[in-house]
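Me: I've got this model open and I'd like to learn how to read its features. Walk me through them, please.

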Amino acid sequence: MLIKGKEAVENYRLARYLMYTQVYFHHARLIADKMFERAIMIAIREGVLDKNLLDMKNDGFLDYYLSMDDNRLFQKLLCSKSNACRLIDDLDNRRLMKAGYGINISDIKNVGLRHKLASGKYLEKLEMSIAQKCNCEKDFIISYLVEIDNPLYKSSNEFYKADKTPILVEKENGEIVDFDDVSQFELKKNAPITFYIIGLEEYRDRIKKASENLTDLI
């Protein structure tokens, strides 16, 4: 691109960044997604949804998938006797789970704990430990990681590594440079990763107390 188009690209990059932070990764949307995902997992575990028919390799997958629009899926889960019913009912009535704990991974001083949480491998075990301390069912404790990463702010080297076309600028003298060399905004740090533990509103204070020392829980 020519240097005179720099401001237009800058506006686009900033708009994308704000969409990531304020829309795509808005806390309410993420919590709703996690509640829905947990309800589906429970429904599969309890046999309310056919796990085999949810496999894209299954011959019956397409017919099963097309038969499940949003309303039919919600009704199926609401009629079940599993915990999926409670989650979907809360979701349908916008009684969203609440965050009992949240922290930026980089702020965790214990290196071992930081790596365990960032890997995502120990989240299920952590949920079980938190649920025991809160005296509630594990289905109603959800932990997850959020990484807000706007790829448009990555350097040209990162684009090359991913075999993608970087953002290059042609200056007035014909020199081709990286967009970051002429931009007033530069992302020098890696995208932040935040760890959350959410649960039903009545367990919020219990989750906060149970999460005081995560090292003992995983």
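**Reading the model**

Me: What is the relative accessible area of Cys85?

Reply: For Cys85 it comes to 22%, so this residue is partly exposed (under 20% is buried, over 50% exposed, in between partly exposed; 1.4 Å probe, protein chains only). Keep in mind that this is a predicted model: local features need pLDDT of at least 70, side-chain atom pairs count only at pLDDT 80 or more, and totals for chains, interfaces and linings use all residues. Residues are numbered from 1 along each chain as its sequence is written, and side-chain values use heavy atoms, leaving out hydrogens and water.

Me: How many disulfides are there?

Reply: In general, a disulfide is a covalent bond between two cysteines' sulfur atoms. The count here is zero, taking sulfur atoms within 2.5 Å as the rule. For Cys85, the nearest cysteine sulfur belongs to Cys79, 7.8 Å away. Cys136 isn't in a disulfide either: the nearest cysteine sulfur, that of Cys134, sits 5.1 Å off. Cys136 is buried, at 14% relative accessible area.

Me: And the overall fold: which helices and strands make up the chain?

Reply: Nine helices and five strands (DSSP runs, H or I of at least four residues for helices, E of at least two for strands, numbered from the N terminus). The order is α-α-α-α-α-β-α-α-β-α-β-β-β-α. Of the 218 residues, 37% are buried.

Me: How many aromatic pairs turn up?

Reply: Six in the whole structure (ring centres of Phe, Tyr or the six-membered ring of Trp within 6.5 Å; planes under 30 degrees apart are stacked, over 60 edge-to-face, the rest tilted). Phe61 and Tyr65 are stacked, with centres 5.6 Å apart and planes at 25°. Phe61 is buried at 16%, while Tyr65 is exposed at 53%. Tyr144 and Tyr196 are tilted, with 5.6 Å between centres and 35° between planes. That pair links β2 and β5, 52 residues apart.

Me: Which ring does Lys116 sit over?

Reply: Tyr122's, with the charged end 5.2 Å from the ring centre (the rule: NZ of Lys or CZ of Arg within 6 Å of the centre and within 35 degrees of the normal). Arg86 likewise lies over the face of Phe140, at 6.0 Å.
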